Amino acid sequence: MTVSTTFLGLGAMGSALATAALDAGHRVACWNRTGHRAQSLGERGAVIADSVEQAIAGTRTAMVGSEGVPAGEFVRRQAPFLAAMTEQLAGFAATIDEQDYLGPGQQSLRFTETALNTVMQASTGQGVTDEVLKPAHDMVRRQLAAGFGEHGTARMFEELRSVR
């Protein structure tokens, strides 16, 4: 099954993001080191993966949580994931070069706004600033206001091109 977004790590933020995605009607896959945290999301329709590799297979977007994990351990765990995700960069670049933002398998700007809203709320709720996300959030909102809600998130690059 192809999913819109995969959530790796289901602490407070990962669970909130996955729940928001399900509530918005998106297909979601989840993986957590301790599987019982994924159970309620599975009951709501999320695909529960047995491994990180299984979770990211067939997805174009993955969100990674790191609650309670020391930085060095986080890096050790994420290195294989990041290596797998960088393999997707060529396809992302082709989408931008071809300006084909309505092609299959793309995460819509509407979904991205939902995800960013949720991340920003969860961040501030945990006392973490959301300042680094605000420029991207503002750009997504401008794209939505211009009527591009169903276009893939890569369409944001068109706004960056126009600034040059």
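User: What makes a right-handed β-α-β unit in this chain?

Analyst: In this predicted model, the unit is made by strand E1, helix H1 (residues 12–23) and strand E2. The crossover is called right-handed because, with the strands pointing away from the viewer, the path from the first strand over the helix to the second runs clockwise.

User: How do you know that E1 and E2 pair, and which way do they run?

Analyst: Pairing needs at least two bridges. Four bridges join E1 to E2 (residues 28–31), and the two strands run parallel. Within this pair, Leu8 stands opposite Trp31 of E2.

User: What joins E1 to strand E4?

Analyst: Three bridges do, again against a cut-off of at least two, so E1 and E4 (residues 62–64) count as paired, and they run parallel. The bridge partner of Leu8 in E4 is Val64.

User: Why are both faces of E1 called covered?

Analyst: In a regular strand the side chains alternate between the two faces of the sheet. On one side of E1 (residues 5–8) lie Thr5 and Phe7, on the other Thr6 and Leu8, and all are buried. Buried means under 20% relative accessible area.

User: How many helices and strands does the chain have, and why is the chain called as compact as a globular protein of its length?

Analyst: The chain has eight helices and four strands. Its radius of gyration is 16 Å, close to the 15 Å that the globule rule gives for 164 residues, so the description holds.

User: What share of the residues is buried?

Analyst: Buried residues make up 39% of the 164 in the chain.

Notes: Residues are numbered from 1 along each chain as its sequence is written. This is a predicted model: local features need pLDDT of at least 70, side-chain atom pairs count only at pLDDT 80 or more; totals for chains, interfaces and linings use all residues. Side-chain values use heavy atoms; hydrogens and water are left out. Buried means under 20% relative accessible area, exposed over 50%, partly exposed in between (1.4 Å probe, protein chains only). The radius of gyration is taken over C-alpha atoms; the globule rule is 2.2 Å times the number of residues to the power 0.38.
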